Amino acid sequence: ILEPVAFSGFIIPEDPPLQETPLGNYVTDAMRLIVDRKTEHSPDFAIQANGLIRDRINPGTMPHSFGAITFYDLVKVLGLGKGPDGMAGYPLVAVYMTGEDILGVLEAAVLLEEVMGNDFFLQFSGLRYTYNPGNAVLFTIPFLDLPVPTTRAVIDAEIYTGEGRQSEGDENYISLKAGDQDLYCLVTDFYVASFLPMIGEMIPQLDLTLRDQEGKPVALDNLEELIITVNNEELKLWQAVVEYTSTQPVGDSGLPEIDAYYASTAGRINPVWTFPLLVWFLTIFTVIIIVIYSLFLFAKKHFSRTR
């Protein structure tokens, strides 16, 4: 457990909160790329919640262990849990969703971070998007404390169509359009998958449909059907991270060395601040009231003259 399995010349952090993080990219890349390598699925995306990414990956700092990463260092950063098989670790699941539903996931991600905080912030692999946090909530219903989402917080989203981890440039990206009914494969873990349909129960405008590989809807109580298996055993989240680490380039030590790509973020989640929709709504409403009032005064004045 404490033997080195890799080396790194840098810490892979899980912070700051409510932002794309290097460790979020590492974990979601591991999920997407290991599932692609080991199974019949060809994932387009992977998602993971910050609440299940518990710590940073800290390489050793002592002279005898400088830069070393152990098996324990990798596993302890993840919420372990267990799967239906009773074995340690949340299993990965392959969920099929339309492009329209994927946009709904992005809208839900923006809303969750604004309403429920960092634990519900989603990290992504296989796409990048730009959004305005100020447009997540139009207003909150008093007394019920119920947010009314705009469903217009995401400004644009792009799918990565290249091989391997996604690039930081503009090559191999295509736009994800509203109304897209093509099926895409999304990999997440069993815990996060069980939470996604609940979003629609709380916010009907963001109702999400989980489907199997044939596109058939899967009920929440049948999510075990979507668990990814290899040789009839559940593929665990922690296993994907450990195996992805083993695929990193081998260094002088003879062990994999974490690529410098993960020393920083890669422009996958991009908040921008534009004019809030609520302000536009209030401005338009005010203009309409002024126009109606002006017409009323004009009509009243005209009627007085005709009398």
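**Reading the model**

Reply: Let us begin with a strand: Gln 123 is placed in strand S5, residues 122-125. Strands (E, at least two residues) and helices (H or I, at least four) are DSSP runs, numbered from the N terminus. The model is predicted, so local features need pLDDT of at least 70 and side-chain atom pairs count only at pLDDT 80 or more, while totals for chains, interfaces and linings use all residues. Residues are numbered from 1 along each chain as its sequence is written, and side-chain values use heavy atoms, with hydrogens and water left out.

Me: Is Gln 123 buried or exposed?

Reply: A residue is buried under 20% relative accessible area, exposed over 50%, and partly exposed in between (1.4 Å probe, protein chains only). Gln 123 has 0% relative accessibility and therefore counts as buried.

Me: Which residues does Gln 123 touch, not counting residues up to four places away in sequence?

Reply: Contact means heavy atoms within 4.5 Å. The partners of Gln 123 include Gln 19, Thr 21, Asn 50 and Ile 269. The C-alpha atoms of Gln 123 and Asn 50 are 7.1 Å apart, although 73 residues separate the two along the chain.

Me: How many salt bridges does the structure hold?

Reply: A salt bridge is a side-chain nitrogen of Lys or Arg within 4 Å of a carboxyl oxygen of Asp or Glu. The structure holds 11 of them. In one, the closest N and O atoms of Arg 268 and Asp 29 are 2.9 Å apart. This pair links distant parts of the chain, 239 residues apart: Arg 268 is in the loop between helix H5 (237-246) and strand S14 (269-271), and Asp 29 is in helix H1 (residues 22-38). Both Arg 268 and Asp 29 are buried.

Me: Where do Arg 128 and Asp 170 lie?

Reply: Their side chains meet in a salt bridge of 2.8 Å, N to O. Arg 128 belongs to strand S6 (residues 127-131) and Asp 170 to the loop between strand S9 (154-160) and strand S10 (173-175), so the pair ties together parts 42 residues apart in sequence. Arg 128 is buried, with a relative accessible area of 10%, whereas Asp 170 is exposed, at 66%.

Me: What is the nearest side chain of opposite charge to Glu 113?

Reply: For charge, Lys and Arg count as positive and Asp and Glu as negative; His and the chain ends are not counted. For Glu 113, the nearest such side chain is Arg 268, 15 Å away; Glu 113 is buried yet has no salt bridge. A polar contact is a pair of N or O atoms within 3.5 Å; within protein, one must be able to donate a hydrogen and the other to accept it, and residues adjacent in sequence count only if both atoms are side-chain atoms. The side chains of Glu 113 and Tyr 131 make such a contact at 3.1 Å.

Me: Why is H3 described as largely enclosed by the rest of the structure?

Reply: Glu 113 is found in helix H3, residues 99-116. Of the 18 residues of H3, 14 are buried, so the helix is largely enclosed by the rest of the structure. After H3 comes Gly 117, whose phi is positive, near 90 degrees.
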